[in-house]
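This report considers how side chains pair in one protein model.

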Amino acid sequence: MSRELTVISNTPKPRLPKPEWLKIRLGDPANQNNVLKLIEGLNLHTVCQEARCPNIFECWSDRTATFMLGGDICTRHCGFCAVGKGQPGSLDQEEPRHVAEAVRQLNLAHTVITSVNRDDLPDGGAAHWAETVREVRALNPDCRIEVLIPDFNGDEDALNTVLDSQPDVLNHNTETVARLYRRVRPDAGYQQSLTLLGRAAARRDLEARGMKTKSGIMVGLGETFDEVVTLMKDLRSVSCDIMTIGQYLQPHARRLPVERYVTPEEFERWRDIGMQLGFKHVESSPLTRSSYHARQQAEDAPLQPAEIKPRFYADTAG
């Protein structure tokens with residue numbers, strides 16, 4: 001009896017050449033340096049830096065940033081993410097106040113706050129989240145606050161702790177389609193993320209507040225066009241209001257490779273399908289990231305209060 005020998009190679013898959021449509025604008029280096037000095041001076045982290053966001057030049061040149069709570073070490077091991085992995089240190093108790101001060105100094109009308117996963121903490125860092133929202137609100141009463149939260153391991157009490165602080169937008173990324181979760185998000189669950197979004201929407205509806213729910217994914221990891229459409233339908237089934245779709249870019253050789261570069265035409269098709277499905281806004285393009293153009297997304301899905309005076313805006317995340 002003959003046997004076939006399967007050879008598994010440890011040689012990294014060669015990177016695909018980037019297409020023309022992924023070129024980026026470098027922006028104003030003076031404003032970029034000012035944002036960097038502010039962030040470093042307040043001992044803050046941004047997902048713009050940690051996730052190596054391709055929009056950092058554009059957004060920092062406009063004096064915008066997305067703040068990342070809980071340090072720069074994540075307790076999870078997602079296959080796509082450039083953020084450091086391992087055992088994080090203790091929470092910085094001054095961080096909520098420092099974020100609020102940065103929002104004030106940047107004069108933001110819409111700010112986005114995210115975090116690393118802190119599975120080492122009993123509440124996943126939810127109380128720290130809530131304190132940050134309250135500090136930002138106290139110092140910046142006219143600023144809309146968007147939170148891009150982890151799943152808190154499905155802990156509904158932790159989610160409610162964040163919701164009690166009354167953010168204007170509750171964002172939680174599904175990141176990829178259900179079939180790819182074990183490879184892309186091995187420490188998370190597709191249904192768990194949908195449940196979180198559904199709970200947030202139900203709480204919003206119960207309290208008749210203006211909060212919107214939002215989620216985002218990356219494409220180019222091996223998903224099919226129709227799998228993305230199925231995910232969009234799943235998000236609408238839990239009353240998700242806003243969706244973002246962007247091209248995955250491999251941050252370094254130890255992260256998952258790009259399986260393909262999705263064309264701008266496909267992104268446009270997903271946007272059209274999403275609007276037909278009932279999303280209030282779909283941000284879908286190669287360079288879209290979770291909080292890219294977040295202010296515009298919120299304006300397409302009007303929040304309370306309905307009108308905010310135009311100032312500088314925080315509108316990008318990795």
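## Basis of the salt-bridge count

A salt bridge is taken here as a side-chain nitrogen of Lys or Arg lying within 4 Å of a carboxyl oxygen of Asp or Glu. In general, side chains of opposite charge can pair when their charged atoms come close.

The model is a predicted one. By the criterion above, the structure holds 14 salt bridges.

Arg104 and Glu101 form a salt bridge in which the closest N and O atoms are 2.4 Å apart. Both residues belong to helix α4 (residues 95–106), where a spacing of 3 residues corresponds to about one turn of the helix. Arg104 has a relative accessible area of 42% and is therefore classed as partly exposed.

## A pair between two helices

A second salt bridge joins the side chains of Asp164 and Arg203, with an N to O distance of 2.3 Å. This pair links distant parts of the chain, since Asp164 lies in helix α6 (residues 156–164) and Arg203 in helix α8 (residues 190–207), 39 residues apart. Arg203 has a relative accessible area of 16%. Buried means under 20% relative accessible area, so Arg203 counts as buried.

## A further pair and a network

Glu266 pairs with Arg260 in a salt bridge, the closest N and O atoms being 2.9 Å apart. Glu266 is buried, at 15% relative accessible area, whereas Arg260 is partly exposed, at 29% relative accessibility.

Salt bridges also connect residues in a network, whose members include Arg76, Asp119 and Asp151.

How many disulfides does the structure hold? The structure holds 0 disulfides. Cys74 takes part in no disulfide, and the nearest cysteine sulfur, that of Cys78, is 6.3 Å away. A disulfide is a covalent bond between the sulfur atoms of two cysteines.

As for accessibility, Cys74 counts as buried at 8%, and Cys78 is buried with a relative accessible area of 12%.

Terms used:
Residues are numbered from 1 along each chain as its sequence is written. This is a predicted model: local features need pLDDT of at least 70, side-chain atom pairs count only at pLDDT 80 or more; totals for chains, interfaces and linings use all residues. Side-chain values use heavy atoms; hydrogens and water are left out. A disulfide is a pair of cysteine sulfur atoms within 2.5 Å. Buried means under 20% relative accessible area, exposed over 50%, partly exposed in between (1.4 Å probe, protein chains only). Helices (H or I, at least four residues) and strands (E, at least two) are DSSP runs, numbered from the N terminus.
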